[in-house]
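Subject: Structure handover

Hi,

Here is the structure I promised to pass on, with some notes on what turned up in it. Please open it alongside this email and follow along.

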Amino acid sequence: MNTKVLVVLSLFVAMGLALHGIIPPFFSGMKPDMMLTMMFLGILLFPNIRNVFLLGTVTGVLSGLTTSFPGGLLPNVIDKFVTAFVFYLLVIVIKKFAASTAGAGILTAVGTLISGTVFLTAALFIVGLPGGAGFMALFIAVVLPTVALNTIAMVFIYPIVQTILKRSNIAFE
């Protein structure tokens with residue numbers, strides 16, 4: 001594994017963790033997951049199975065440890081790991097489209113929908129949903145706004161990071 005790539009991925013995770021920590025909860029202790037945006041960014045820029053495994057695992061654990069969702073550690077780990085690999089498969093299948101800013105935005109929206117669905121399903125079966133809130137209520141109140149937020153963030157961040165990495169001597173894999 002390339003050390004430069006590992007450092008960049010670590011920075012993405014750290015930025016995602018910082019964003020995750022400062023965003024306030026929306027509804028029933030749930031907050032938009034900006035760590036997803038950074039995980040997706042790492043997968044888009046360095047689509048390698050080892051990177052995906054690393055990003056999914058580390059992002060899941062850190063997101064779970066810092067979540068405000070009651071009992072959210074295990075659902076976060078499951079969610080990020082599954083989402084990372086599904087997102088990776090989508091990137092591989094539509095590689096040329098994924099390289100564009102619009103493609104990255106659309107993939108981020110789809111990935112965030114997948115993540116929210118997996119998280120809420122895992123939480124429902126493992127710890128239950130807080131405050132008697134139903135799956136659909138949490139999906140509408142938290143997941144859909146998170147889809148919009150993450151997509152907008154990716155559309156702005158992706159071309160900037162692409163330009164920075166092209167100007168540096170960090171090799172794309």
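Let me start with helix H6, residues 101-126: at 1.5 Å a residue its 26 residues should span 38 Å, and its end C-alpha atoms are 36 Å apart, which agrees. The expected span here is 1.5 Å times one less than the number of residues in the helix. Helices are DSSP runs of H or I with at least four residues, strands are runs of E with at least two, and both are numbered from the N terminus.

A word on the ground rules. This is a predicted model, in which local features need pLDDT of at least 70 and side-chain atom pairs count only at pLDDT 80 or more, while totals for chains, interfaces and linings use all residues. Residues are numbered from 1 along each chain as its sequence is written, and side-chain values use heavy atoms, with hydrogens and water left out.

On confidence, pLDDT is the predictor's own score for each residue, from 0 to 100. The protein averages 89, and 94% of the residues score at least 70. Among the helices, the mean is lowest in H5 (residues 95-98), at 88, and highest in H4, at 96.

Now the overall picture. The protein has seven helices and zero strands, so the pattern along the sequence reads α-α-α-α-α-α-α. Its C-alpha atoms fill a box of roughly 50 × 30 × 30 Å along the principal axes. For 173 residues, a compact globule would have a radius of gyration near 16 Å, and the protein has 15 Å, which agrees. That radius is taken over C-alpha atoms, and the globule rule is 2.2 Å times the number of residues to the power 0.38.

The accessible surface comes to about 7,900 Å², of which 77% belongs to carbon and sulfur atoms. Areas were computed by the Shrake-Rupley method with a 1.4 Å probe, and for residues only the protein chains shown count as cover. Buried residues make up 46% of the 173; buried means under 20% relative accessible area, exposed means over 50%, and partly exposed lies in between (1.4 Å probe, protein chains only). Of the contacts (heavy atoms within 4.5 Å) with a separation of 6 or more, 74% join residues 24 or more positions apart.

What sits inside? The largest nonpolar core has 29 residues, and Phe12, Leu41, Ile43, Leu44, Leu45 and Phe46 have the most contacts within it. At least two residues of this core come from each of H1 (3-22), H2 (35-45), H3 (49-66), H4 (73-93), H6 and H7 (135-167). H2 supplies the largest share, nine residues. There is also a second, separate core of 12 residues, including Leu120, Ala123, Leu138 and Val147. A core here is a set of buried Ala, Val, Leu, Ile, Met, Phe, Trp, Tyr and Cys residues joined through side-chain atoms within 4.5 Å.

H2 deserves a look of its own: 11 of its 11 residues are buried. Among them are Met35, Thr37, Phe40 and Gly42. The cover over these residues includes H1, H3, H4, H5, H6 and H7.

- Aspartate 79, in H4, is buried at a relative accessible area of 1%. Leaving out residues up to four places away in sequence, aspartate 79 touches Ser115, Val118 and Phe119.
- Leucine 165, in H7, counts as buried at 6% relative accessibility. Leucine 165 and leucine 45 are 120 residues apart in sequence and 9.1 Å apart in space, C-alpha to C-alpha.
- Isoleucine 126, in H6, is partly exposed at 40%. Beyond residues up to four places away in sequence, isoleucine 126 touches Leu74 and Ile78, and its C-alpha lies 8.1 Å from that of leucine 74.
- Proline 70, in the loop between H3 and H4, is partly exposed at 47%. Its C-alpha is separated by 9.0 Å from that of methionine 30, 40 residues away along the chain.

Glycine 128 lies in the loop between H6 and H7 and is partly exposed at 24% relative accessibility. Setting aside residues up to four places away in sequence, glycine 128 touches Phe69 and Ala123.

Best wishes
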